[in-house]
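Hi,

Here is the structure I promised to pass on to you. Have a look at it first, and my notes on what turned up follow just below.

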Amino acid sequence: MSSPVPVPVSPATLADFFAGRHIPAYCVADVRTIRAPAGRHPRDILPSCRTIIIFAIVMPDRLFFGTEREQSEATNAIRNTLESTAYSLRDLLEREGSASVAVVPFHQFVVQDGILRGRLSLKHCAADAGFGILGDNSLLIHPRYGNRLALAAAVTEQEIEPGPLQAGTATCTHCNRCTDACPAGAIRCGVVTQTSCRNLTDYVPHPLRPLAWRMMRGTWSARLVTVLLNMTASRVEIRGTCTACMTACPHFKIPER
Ligand code: SF4
Ligand code: SF4
């Protein structure tokens, strides 16, 4: 028996899908436009993929200005929304007969060259897809929602028309406000040193850091760290995070909250 012929998901179906889930921003891109390095390209997740669909929700004020408990609740709520949407999107694409994979933040980590990264760099993919640009603090700046977007994606072997076009343009003015605001001095000349960033150091007890950083740089030990992280990441409660380089940026202020 021959396999069913995939039915392309139309732009209108995608628009309805995201509107129904109150997802404010998304874009569809041909994976040939994604310049991610080998090992972290969408094709490393799904070799036959042709399209990446990136979507985002706006991070609420309480994530930045709430108590630690409110920040933690907001982060977990964002994680739940992104995960449920990404898995529903994958299911929608697979129902139409195309192999697809959901890509969510907070897990699917890989440690490479001493740096902890997502299995797929959603923000780099988003920038390549024309969804915004990367600022000196390494965060995505979207023309409408500034640096307030939390991203997830699905990759699929289905060929889907790219779009929609993002209205306006975003720019990093290299104003250095993010560099000046960083309490850890982790940003220098547009590069963020991850092992100085509090969003990593806060999770690694001080006495263990030299060993942890060394393990992240070794070939085999980095693989071990990757396996351990991916086994435990979904069970780790995300605590309040440092957002100083976000809130200091002029692109933090967006017209709609
Ligand atoms: S604070 Fe200034 S330098 Fe930093 S990302 Fe924003 S616009 Fe760019
Ligand atoms: S998240 Fe905090 S510690 Fe990390 S680079 Fe930004 S301001 Fe610095």
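The shell around ligand 1 is made up of six nonpolar, six polar and two charged residues. Ligand 1 is surrounded by 14 residues, and the closest are Gly135, Cys172, Cys175, Cys178 and Cys249. A residue goes into a shell like this if its C-beta atom, placed from the backbone, lies within 6 Å of the molecule.

Two bits of bookkeeping before the rest. This is a predicted model, where local features need pLDDT of at least 70 and side-chain atom pairs count only at pLDDT 80 or more, while totals for chains, interfaces and linings use all residues. Residues are numbered from 1 along each chain as its sequence is written, with chains lettered from A and ligands numbered from 1 in the order in which they are written.

Now for the other ligand. Ligand 2 also has 14 residues around it, and the closest are Cys182, Cys197, Cys242, Ala244 and Cys245. Its shell divides into 11 nonpolar, two polar and one charged. Helices α7 (198-201) and α10 (244-247) each supply at least two residues of that shell. Helices here are DSSP runs of H or I with at least four residues, strands are runs of E with at least two, and both are numbered from the N terminus.

Next, helix α4. It covers residues 68-95, which makes 28 residues. From first C-alpha to last it reaches 40 Å, close to the 40 Å expected at 1.5 Å a residue (the expected span being 1.5 Å times one less than the number of residues). Which residues of α4 are buried? They are Ile78, Leu82, Thr85, Ala86, Leu89, Arg90 and Leu93. Buried means that 20 or more other C-beta atoms lie within 10 Å of the residue's own, exposed means 12 or fewer, and partly exposed is in between, with C-beta atoms placed from the backbone. If you wonder about the spacing in that list, an α-helix has 3.6 residues a turn, so residues three or four places apart point the same way. The cover over the buried residues of α4 includes α1 (11-20), β2 (51-58), β3 (100-103) and β8 (149-156). After α4 comes Gly97, with a positive phi near 95°.

Another pair of helices to look at is α8 (residues 209-217) and α9 (residues 219-232). They pack at an angle of about 105°, with their axes 5 Å apart. The axes are lines fitted to C-alpha atoms over the stretch in contact, and angles run from 0 to 180 degrees between N-to-C directions. That makes α8 and α9 roughly perpendicular to each other (65 to 115 degrees; under 35 is roughly parallel, over 145 roughly antiparallel and the rest oblique). Met215, Met216 and Arg217 of α8 meet Ser221, Ala222 and Val225 of α9, where contact means C-beta atoms, placed from the backbone, within 7 Å. Of the residues in this contact, four are nonpolar, one is polar and one is charged.

Two residues of the contact turn up again elsewhere. Ser221 is partly exposed, with 15 C-beta neighbours inside 10 Å, and its C-alpha is 30 Å from that of Ser72, 149 residues apart in sequence. Met216 has its C-alpha 7.1 Å from that of Asp113, although 103 residues separate them along the chain. Asp113 sits in the loop between β4 (109-112) and β5 (115-118) and is exposed, with 8 other C-beta atoms within 10 Å.

Finally, some backbone details. Gly163 and Pro164 are joined by a cis peptide bond, with omega about -15°. Pro164 is in the loop between β8 and α6 (177-181), and Asn176 has its place in the loop between β8 and α6 too. Asn176 has a positive phi of about 70° although it is not a glycine, and it counts as partly exposed with 13 C-beta neighbours inside 10 Å. Cys189, another residue other than glycine, has a positive phi near 50°. Where is Cys189? It lies in the loop between β9 (187-188) and β10 (191-192), and 8 C-beta neighbours inside 10 Å make Cys189 exposed.

Cheers

Note on methods. Nonpolar A, V, L, I, M, F, W, Y, C, P; charged D, E, K, R; others polar. Contact = placed C-beta atoms within 7 Å.
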